[in-house]
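Dear colleague,

I am handing over the structure below, and my notes on what was found in it follow directly after it. Please read them alongside the coordinates.

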Amino acid sequence: MDETTRLAGLIQERLNDIIDSHRAELEPLGPDAAPLLDEAKDFLTGGKRFRALFAVHGYRAVRPLDIAGPVTAEFGAVLDAACALELFHAAALIHDDVIDRSDTRRGRPAVHKRFAGLHGEHGHRGAPEHFGISSAILLGDLLQSWSDELMNRACDAAAEPAFARAARAHFNRMRSEVAVGQYLDVLEEQRSSFAEHAEQLDRSTRVLVYKSAKYSVEAPLLIGGALAGASTEQEAALAGFGLPVGVAFQLRDDLLGVFGDEELTGKPSGDDLVEGKRTVLVTLAREALPVTQRRIFDDLLGTDLDAEQVYMLQRTIRDSGAEQQVEQMITRNIDRAHRALSDLDGAAAERLSALAGRAASRDA
């Protein structure tokens with residue numbers, strides 16, 4: 001079993017134990033609470049675990065940690081921090097699907113759709129959609145609460161109080177940035193028209209960085225590194241590596257949101273086009289279009305597209321050269337990330353480089 005597979009397995013076991021522990025504590029609430037807790041466990045089963053893995057490797061970039069043997073108290077605390085990030089990520093995805101009105105996630109109904117279905121199965125009164133959305137919001141809130149508790153436990157186990165304070169500061173900043181970045185994304189979709197190209201590209205990039213890129217890679221690395229007692233120089237190296245990898249990660253996600261294979265991504269092909277996402281990819285494509293074609297593109301983006309219209313927009317984006325531009329941006333960001341690793345030891349740099357390659361080249 002390779003190192004990444006073992007780590008992913010340990011993270012899954014820890015998440016299961018955490019949810020089971022909460023389930024036992026909540027048993028006095030009775031059997032009606034079971035569907036919410038069942039969904040928590042189902043939603044947190046599987047996944048790529050990039051954030052958790054980057055947190056563990058951020059720690060190992062600063063302080064040696066044996067992950068091949070038994071789970072020591074030190075290793076357990078690092079796993080707690082990693083799982084806190086997975087819980088936060090799950091909450092963000094659940095809320096994101098509500099905001100985006102997405103029907104699916106990872107090839108299954110989104111959480112709000114599952115609870116709407118549960119409403120119908122039991123013949124409850126009222127609107128199934130409202131019950132589904134309410135339940136999804138509450139599940140996301142619950143997972144955020146558990147995430148915070150788990151990060152507290154990880155910080156309590158830190159070798160020095162200063163390490164805990166630094167890790168907590170990174171965690172708190174990450175949560176604020178994601179919430180505001182999400183708001184900026186929602187705001188962008190509601191604007192009546194696109195801005196001039198330079199301003200629109202700046203807005204799209206800001207959403208990309210703060211809604212996703214920083215919390216996908218940079219923040220997990222910094223949280224892990226801080227728990228290990230990272231120096232100012234080590235934090236700078238982790239941030240210098242993490243941000244461009246996070247940007248590459250999200251640029252890949254934007255490509256998958258337009259061109260991804262539904263069987264691999266678990267979401268309909270072209271889903272970002274239906275949702276009207278004003279991504280860097282879309283912004284670059286628009287700039288290359290003639291005025292009349294751009295007007296048609298703008299009119300279709302964010303509407304209830306049929307399969308033929310989705311294909312037409314996909315072809316338009318490809319023909320514009322924007323897909324190739326974004327691929328080049330991904331390559332440049334990964335190259336920039338590799339150059340930032342000079343202040344870390346060879347083994348740490350090698351592990352981070354390998355994980356960065358997986359994050360930037362994935363197909364789901």
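I begin with Asp343, which lies in the loop that connects helix H15 (322-339) to helix H16 (346-361), helices being DSSP runs of H or I with at least four residues, strands runs of E with at least two, both numbered from the N terminus. This is a predicted model, in which local features need pLDDT of at least 70 and side-chain atom pairs count only at pLDDT 80 or more, while totals for chains, interfaces and linings use all residues. Residues are numbered from 1 along each chain as its sequence is written, and side-chain values use heavy atoms, with hydrogens and water left out.

Asp343 counts as exposed because its relative accessibility is 54% (exposed is over 50%, buried under 20%, partly exposed in between, with a 1.4 Å probe and protein chains only). Leaving aside residues up to four places away in sequence, Asp343 touches Glu233 and Ala237, where contact means heavy atoms within 4.5 Å. Between Asp343 and Ala81, which are 262 residues apart along the chain, the C-alpha separation is 24 Å.

As for the protein as a whole, its secondary structure amounts to 16 helices and two strands. Its radius of gyration is 21 Å, close to the 21 Å given by the globule rule for 364 residues, so the protein is as compact as a globular protein of that length (the radius is taken over C-alpha atoms, and the rule is 2.2 Å times the number of residues to the power 0.38). The C-alpha trace spans about 65 × 60 × 35 Å along its principal axes, and 51% of the 364 residues count as buried.

Best regards
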